Amino acid sequence: MADIAPIVEIRGLTKHFRAAGREIRALDGVDLTLAPAETLGIVGESGSGKSTIGRILAGLETATDGTVRLGGQDLRPGLSAARVQMIFQDPYASLNPRLPIGLQIHETLRGNGQTDRTVNLARAAQLLARVGLPADAASRYPHEFSGGQRQRIAIARAISTDPAVIVADEPVSALDVSIRGQILDLMRAMKGRTAYLFISHDMAAVASICDRILVLHRGKVVEQGTTAQIIGNPQADYTRALLDAIPRIGRRRTGTGAKPLETRA
Amino acid sequence: MTKALISLHDLTIRYGGPDSPAAVDGVSFEVQPGEIVALVGESGSGKSSISLAIMALLPGAAQVGGSILFDGADLARLNRRQMEDIRGARIGMIFQEPMTCLNPVLSIARQMTEGLIRHRWMSKAEARARALTALADVGIPEPARVMDSYPHELSGGMRQRVMIAAALTLDPALLLADEPTTALDVTVQAQVLELLVDIRNRTGKGVLLITHDIGAVAEIADRVVVMKGGRVVEAGSWDQVLNAPRDPYTAALIGAHAALEQALVPDPMTEGTHG
């Protein structure tokens, strides 16, 4: 992919927060590139800074330092709004509870300059059918849907504007395991020409959908490579520990591996 | 077979009137001393209602049928005061989110010694010594320093260990662990699972592990009870349930987990190093 211009190019991305008088380095010089139509997984534990990368790209936060280029241009608020969409862990929190689903997709399209309500509602119906929802979904409200169905709605809404990049932040983490696979399958089927930044602590979900994986730990990139490389031949101790910790069928714990932890938050 | 620590017989829980659908519908199972029993199910399966019923924390409007026998008493029939003597002292509880059960404005020392002073009539000094031992037992490296901390000063994994230590100070016969790893980072989850097995090995306590995580069940459960829509669809040894499930729902649940896990199996064609 080296000869294709990246859709996202991030260099030296740094984000500092101040909390309780201490400076917290959420991101500390992160470099990454995302090719058009590529799916890059960002894996890390809590406090790794993984969500902050997505939020900066989506224009929800600003960087302390570093450059973010989207489609060859420096990131600015209008550019994020037009070309980046987000899918969150809890779709219920990101949907308006008082607006039928069809109108919410209309609002998203209108915010993107497509103002014809009739056209937008027709497009909404078409998108909702594509993500596997019943024909009357457009006229129903968020609370009438299950968690898995709401995530389907969030996907339909995210792809409605044909964005260059979708930032999916823990999109399957709140779902039951039987639904998780269905939503991952749907995201895979809906990929099209959109690039995905798939942010999660769940290495299995990331590995099942991503072309490449970047491992983040305390604001720094520990390792990145193709999914096959990260899963099959991890180089960093931290990546190995992360892979080894995942509970699996076929392994039994003996109770002898309990080790002391780091004390401070 | 030894006498069961806790046994549920035909437990039924309704949140509406007598004609409302049962959240828990005729559930029976037991936990023996020294045994880790996993109660597994997805959202809406009824597993959380069972957890609340065992702790007598169901809302007042809930209607409970059947029995929960523990220590010769039926927990489904005890009044609030009788239950307070059992909760914590005889049944230790570990929850998903330690911050919700640790009081943010009290030091760890205060929270860990309170029960010992109240239920075991210990002096402050005795209680502190016992709490320090409990913290060391769960692998906390500097127990004295942790004792004098407040919850927000500790990492998530450390708080979970403190909660487990607190649950152990009164030496309960049964540990009720309700989604104990769900809110934790995966590296910390692994440590907590190891710790639960270690505690069972050392103390012979019974553990009721309530979880949606098939991987955790596969790694530490001795017996597995699978719930769906308020009913038990299958129960058996971990080996039987995981490797030869009889119920189609159990098989689907394990299959869904295994399918995700498949993504973590290295491709034998991958060689060489990378950046």
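Tutor: A residue is buried if 20 or more other C-beta atoms lie within 10 Å of its own, exposed if 12 or fewer, and partly exposed in between, with C-beta atoms placed from the backbone. Helices (H or I, at least four residues) and strands (E, at least two) are DSSP runs, numbered from the N terminus. This is a predicted model, where local features need pLDDT of at least 70, side-chain atom pairs count only at pLDDT 80 or more, and totals for chains, interfaces and linings use all residues. Residues are numbered from 1 along each chain as its sequence is written, while chains are lettered from A and ligands numbered from 1 in the order in which they are written.

Student: Which residues of helix 10 of chain A are buried?

Tutor: Helix 10 covers residues 237–245 of chain A, and its buried residues are Tyr238(A), Thr239(A) and Leu242(A). These three lie on the same side of helix 10 of chain A because they cover an arc of only 100° around the axis. That arc is taken from the directions from the helix axis to the C-beta atoms.

Student: What does the face turned away from the buried side carry?

Tutor: Asp237(A) and Arg240(A), both exposed.

Student: What do the buried residues of helix 10 of chain A pack against?

Tutor: Think in contacts: two residues touch if their C-beta atoms, placed from the backbone, lie within 7 Å. The partners in chain A are helix 8 (203–209), strand 9, strand 10 and helix 9 (227–232). Helix 8 (186–203) of chain B joins them.

Student: How do strand 9 and strand 10 of chain A run?

Tutor: Strands pair if DSSP finds at least two bridges between them. Here strand 9 (residues 212–217) and strand 10 (residues 220–226) of chain A run antiparallel, joined by six bridges. One bridge pairs Arg212(A) with Thr226(A). Two residues sit between the strands of this hairpin, where Arg218(A) takes a positive phi near 50°.

Student: How many residues of chain B are in contact with chain A?

Tutor: 53 residues of chain B meet 44 residues of chain A. On the chain B side, the elements giving two or more residues are helix 6 (143–147), helix 7 (156–168), helix 8, helix 9 (214–220) and helix 11 (248–262). Helix 8 of chain B gives the most, with 11 residues. By type, this side of chain B has 25 nonpolar, 16 polar and 12 charged residues. Nonpolar means Ala, Val, Leu, Ile, Met, Phe, Trp, Tyr, Cys and Pro; charged means Asp, Glu, Lys and Arg; the others, Gly among them, are polar.

Student: Is Ile94(B) buried or exposed?

Tutor: Buried, because Ile94(B) has 24 C-beta neighbours inside 10 Å. Ile94(B) belongs to strand 6 (residues 91–94) of chain B. Beyond four places in sequence, its contacts include Met163(B), Ile164(B) and Leu175(B).

Student: What radius of gyration does chain A have?

Tutor: Chain A has 10 helices and 10 strands. Its radius of gyration is 19 Å, close to the 18 Å from the globule rule for 265 residues, so chain A is as compact as a globular protein of that length. The radius is taken over C-alpha atoms, and the rule is 2.2 Å times the number of residues to the power 0.38.
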